[in-house]
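I opened my notebook to look up a few things in one structure. Here are my entries, in the order I made them.

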Amino acid sequence: MRLTCFDLTRYGKFTDLSLPFGTAVKGSPDLHVIYGANEAGKSTFLSAWLDLLFQIPVRSPMGFLHPYPSMQLGAALEIDGRSHSVTRIKKRDHSLLDAQGAPIGEALLNVGLRGLDRASYAAMFSLNRQTLDDGGESILASEGDLGELLFQASAGLTDIAAQIDSLRDESAEFLNATGRKGRLRDLRAEFDALGERMKSLDTAAPEYARLAKERDVKQAAWQSARKEAEAAQTALNETERLSGALPLALRLERIEDQLSEFGDLPVPPEGWLAELPALDREETEMATRLEASEKSVAALEEELGRIPQDTEILEARDRIEAAGKLKSAYDTASTDLPKRLKERDIENQAIRVSLARLGQSGAEPDAVLPEVAVLGRLRGLVEQHSGIETRHAVATYELERARTEAERTAQRLKTAGGSTADLGGLGGLVQSIRRDDPVGSRDRAQASLDDADALWQEKLAALAPWIGDAAAVANLVLPERPVVERLAAEMEDATRKIVLQRETLARLEEEAAQRQARLQQTSAASTVTLEDAAKARARREAEWVHHRANLNSETADRFEVAMRLDDQVAATIVDQRTQAKIALEAEQALADARRRVNDAKIGVKGAEALREKLAERLTSIVTGVSPLLSADMTAEAFFAWMTRADDAREALRKCTEARRRVSLCDSSLERARSGLLSAMAQAGRGMEKDTDLTHALETAQSVLDHATQIQALAEADANAQQELARRESALVTAADVMSKWQSDWAAACVDTWMADAPPTVAEMSAILEELDQLRRHFDHAADLNRRITAMETNRDQFAAAVNTLTARVGMTAEDLPHEAWHHIIQRQRRAETSHEQRIDLQKRLASARRTHSEIEGKAKLHRTRTSEFMQFFGVKNWQQTREALSRAGDREKLQDSHNNCVEDLCDRLQTSTVQDALKRLEGVSKTELEARAESLRTDLKTLRSNQEEAHTSFRKTEDDLEKVGGDDAVARLEEQRQTLLLEMEESAREHLQKRLGLLAVDAALRQYRDTHRSGMLDRASEAFRAMSLGRYSGLAAQPDGMREILVALAAEGGSKQAGQLSDGTRAQLYLALRIAGYHEFVRNNGPVPFVADDIMESFDDDRAAEAFRLLAKMSETGQVIYLTHHAHVCEIAKQTCPEVSIHELPA
Amino acid sequence: MAFKFVHTADIHLDSPLKSLALRDANLAEMVGSATRITFSRIVDLCLAEQVQALVIAGDLYDGGQTSMKTARFLSQEMERLTVGGVQVFIIRGNHDAASKITRELVLPDAVKVFSGRAEVEEVTWNGHSVAVHGISFRQPHAPDSLLDQFHPPVPGAFNIGLLHTSLAGASGHDPYAPCTLADLQNMSFDYWALGHIHKRAVYPGPTTVVMPGIPQGRDIGEAGRKSVTLVSVTDAGRVNLQERHLAVAQFERLAVECSAIADWSDVVETLKHGLRSARRDNEGEHLIVRPVLEGKSPLTWRAHRDADLLRSEAQVVAEQIGTLWIDKVEIALDAEAASKAGGAVGEMAALVADGPLRADDPRVQAELDLMLKHLPRELRGIIGDNEEQVIEALGDAMRQGAMDILARLEESEG
């Protein structure tokens, strides 16, 4: 980073102060001294510089003149070859702004400062007296940030130690230093837990063997217990069988006694015993049922004899039915007939009245009523009549109206002035002129001409100092651009070459000067001649001879002295020779350097001559264009002028173009005007020759409008005449229709009694209505006549039928037919009731007789069966049979019991015959048996529970064995365990590698630091030696307990710690450390500005001069700014480094 | 076809798979009992092919195993074979001999386990007489040949020999019933069913000699396709061999050549591409891959520094595929051609290469002791079993560790 310009816009006491630092020339010192009297603001400058770079602190003391919100600093900075303009305002965030005032990140400056923070930068390279000392002490103590910064940051390992620490922390995640924490322990715990789980789930082979053996033992025990229990059970069963059989034997004996009591009672066939109850029941039932059915038959026969019969009336049933059908017509006639007779009288009266109204009293209605067709025709004519009359009236009216209208339009046309002249193409011409708008076009062309003219004037003026008119511009001859461009490029090239050549020259001159200096140094040595050497050798030899002769301590000493002298002389000679050789080489090098200086000088001159020649060529081109142009115009300026000339030509062209367009518009305007005037003259509207176009256009338009109006009136008149003719013919048609109707009307009346005097339309309407009334009454009366005749016939038929019936059934005749009818009906009903009763009784009697004969059949069967039984038992009656049969039943049951008993006994004692069984029971006592069974039962209980226990424990051992299972639970756990093991192995290797790597890197870092520190130490020694004017030969690191301390080595011998040095010397030491650090830093990171505020106050002039020399050297690689309030310091700086820039702060 | 039998060996039942890929619980779930599944598949194969016998030439399980669950599982599978009418012939290998569960194991009667003395079992399969010869290891070690104990071949029968042998063996490994191929062929058997070596090898000839290899690889050292052998013998006595692959998971090393690559993203792409092709090129159900970055590469430092990123990239691809798993990503790049870091870190790298610290430095030893103290018993030997090994391993670890750290520092410097 380099500071190109620093603006203290509003900061501390400064307002709008700008300090430019110019541009740096590569290879020459970039050293600046800022001079300012006391209170001029040097320390403010330093603080401003830091504030610019690292923000204005929240509580800045620099806000006394300009309040915080208005404080502002600015700078032009060069960072990595690029220029940046930045502004710093006082704000918490976004306080760094770019040239446009937009906030930019701090990263820009951070990069420029190579990552140094404020404290480090202030302590290292932005110093005042205080920070110089503080930082220096810190460096010496080799502790704190600064020490580390100086030795590490400068060596390119800004925060390597921190990184290594963080890596170490990272490694502790796996296993920390004490081994008490970390992932390894977690993995291990998981691993062990898995092992435990496996152990709990698994059964190992020996355990399995043990389980198997135990199972075998338990199985054997269970089997023997089972055998014992089974034996006891068998014994108990035997005992219980015997005691159960004893009662059976007793019972068998008893049954056999009872059986013997039945004697020789015959055994009835199978099934008889079962029939006994049914037969017994039938015996009683048969007798009862026979008696009941005989009684029922007799009762029915008696009842049938009591009911009478009327056959006479029943035979006449059909006739009665036929007469019944006539009865309803008779009843209707009796009620309706009087009503209908009355109605007929009323109708006849109405007919008579109607005839009278028509004026035809006495006439037959048939004769008066005309035919229907005639009536229709009459009605139609009546309806047409009113339409025909109306049409005639309307036609008459419309004719009158049309006639009036025709007269009116003829009048109006006449008033308007009749016909018009032929206007020719006037209308079309007016329309085309309006469309072209020649007046507007001309105005617009004029306006653009004015614009173009103004632009042209402007461009012409821009060609100054050249002066000329349009023609001169058009005639300008400009050179080809590429020619000028090439020339410009060549000139630039030549200029660059001159600069380069000059730099080379400067460098070579310096080199020559250095070589000169070095040569002087080497040649300044003292001399020991060969003669001296020979003398020393001779003396040594002599002393040796002497010593050999005497061999005492005195001679020995003397010989030693001589020998040492000889050695020294010999060594010096060797040294001298080496020096001589070096001197010779230096001389050669110097000569070489001088030669190269000369070469470089020639090169500079050549380049300058070339540039001169090129400049002349440019001048000739420029003056060739115009003598008015300045001969010493630069290529860039000439380029610009050529561009402007091109612009002027373009403007001129546009101006001419605009003018041409204006004249075109003028001519087309004139053409339109004259055309219109002649057209108007043709139409009979001649006008003055100089009438302008607008006025002529208006006049032409009014002529056209008038012609249009006349035409409209003529058209209206023609229409009205046409309408009048149409109306006249319509009236004629209406009159024809009317006369046709009159003749039709007369023809229709001819066919009626009105033929002699046809009535009017109104009369005819009334007559037609009356004729309708008459027709209705006439029809109604005819209908009534027909119905009355029918009713009288019905009445007579019924009366005849009733009379015939009465005679036939032998009843007396009555006066009224319906009363006689009533008697006949009643008698018929009675006869029918009796007849039905008889039929019913006859059916019931037949059924009773059938039942009776069935019962008799059954009784006969029963008697046959009972007599069979009686014969078998040899008894007389049914009662005895029953007794014998039931005894046989009892015996059979007893026999069954006997058989069962025998079977039970054999079964229980497991013998095949009853005799064997009874034999086994002989002499057995029930009491003894029971006692034995009881004791066996008790034993068995114990044995059974033993067996169960043995079985349970056997099952358990078997289960245990079964539980082992063939599943893969353990295998899966083992799998997991193995994976964990692998993970641990992998991580452990990584961990170890990382830890060992850290150790190795630590060691390497130590070595690296040692190496680099020694490099820095050499540089610092050199600087210190120079600044102390050789009073101190340099610096050395001395061990002090656990660490090393830096000491200054005095030229006269001995060493001093910093605390023992004088103020000035100590400041020189501290500065020397910074200078060494700066070089190291720049080498590794690139340059940052070095700023110092009067840190040489305690230096004397010579030392200050040395310090400036070092700073000037430093400024060849990075910018150095030194602030002072001593005028003589400026002088010293100037003397030491003539290229220094001195700036003055306003007082 | 006269008869068929399946020949396998080195089942190592319930011996766990060893791979960091199994840290993935899904994979662990699927291949957690891979050796069992594979063995069940062998039984399934026997039943499906309706073979006459299953021949197991030793090492049914690992010597260190004591779990009777393993034995029970084995019995169950044997029971299935017995029910299916398949005879089983077993010899004990070095691992079986050491096994405690061998003694407690109860196998169905149809399973013939040969004793420590050579026996011959004569059977008739589909009307052909077959003689099965075999001998079991009595001890875990069998330094001498067992061949001279075998009975001579039974005349007129198809003679099958079962032997667990390291064959001629490799130097540095203990010999197990050593013998040469020629010795075996001189016995005039028809088929030698061998076991012990985990890599498949087939030697055809008048005597067919087959080392079927382990049917389920257990770590990256047992990479590649694994198989059992289905042997069918024609009426004429011709032997046909079929290689059957029944493994649940297959291990594969994947070489990723980085010599020609100068760009980091290309390294990642090459790795991903390699993984995808590896999945395409191998048929197994689950493929556990260890990509090995090889070649001279200027990206060696970066690879060491970003090894974790490489692993996650590989992991992403693996997850997309679903049946591909990453064992770990091994970086075997040669930094020879790699551009050395410049500046301070470069200088430090040079210092580290010179070995600033000796392996027997007390600080180094202290680190090692601390770690070993907290490792489980099984891992005490991870650095080496003798002093020489330990010193060398520590030196390597230190150098590599330092390089990794410098790579990181270089990163933050750059």
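Before anything else I wrote down a definition: buried means under 20% relative accessible area, exposed means over 50%, and partly exposed lies in between (1.4 Å probe, protein chains only).

I noted that this is a predicted model, where local features need pLDDT of at least 70, side-chain atom pairs count only at pLDDT 80 or more, and totals for chains, interfaces and linings use all residues. Residues are numbered from 1 along each chain as its sequence is written, chains are lettered from A and ligands numbered from 1 in the order in which they are written, and side-chain values use heavy atoms, with hydrogens and water left out.

**Entry: B:Lys112**

I asked: is B:Lys112 buried or exposed? B:Lys112 counts as buried because its relative accessibility is 18%. I found B:Lys112 in strand 4 of chain B, residues 111–113. Helices (H or I, at least four residues) and strands (E, at least two) are DSSP runs, numbered from the N terminus. Leaving out residues up to four places away in sequence, B:Lys112 touches B:Val88, B:Phe89, B:Ile90, B:Glu119 and B:Glu121. Here contact means heavy atoms within 4.5 Å. The side chains of B:Lys112 and B:Glu119 also make a polar contact at 3.0 Å. A polar contact is a pair of N or O atoms within 3.5 Å; within protein, one must be able to donate a hydrogen and the other to accept it, and residues adjacent in sequence count only if both atoms are side-chain atoms.

B:His196 sits in the loop between strand 8 (191–195) and strand 9 (201–203) of chain B. Its relative accessibility is 16%, so B:His196 counts as buried.

Next I looked up A:Gln910, with a positive phi near 55°. A:Gln910 lies in the loop between helix 24 (878–909) and helix 25 (914–921) of chain A. A:Gln910 counts as exposed because its relative accessibility is 59%.

**Entry: where the chains meet**

I counted six salt bridges between chain B and chain A. A salt bridge is a side-chain nitrogen of Lys or Arg within 4 Å of a carboxyl oxygen of Asp or Glu. I noted one between the side chains of B:Lys328 and A:Glu986, at 2.7 Å, N to O.
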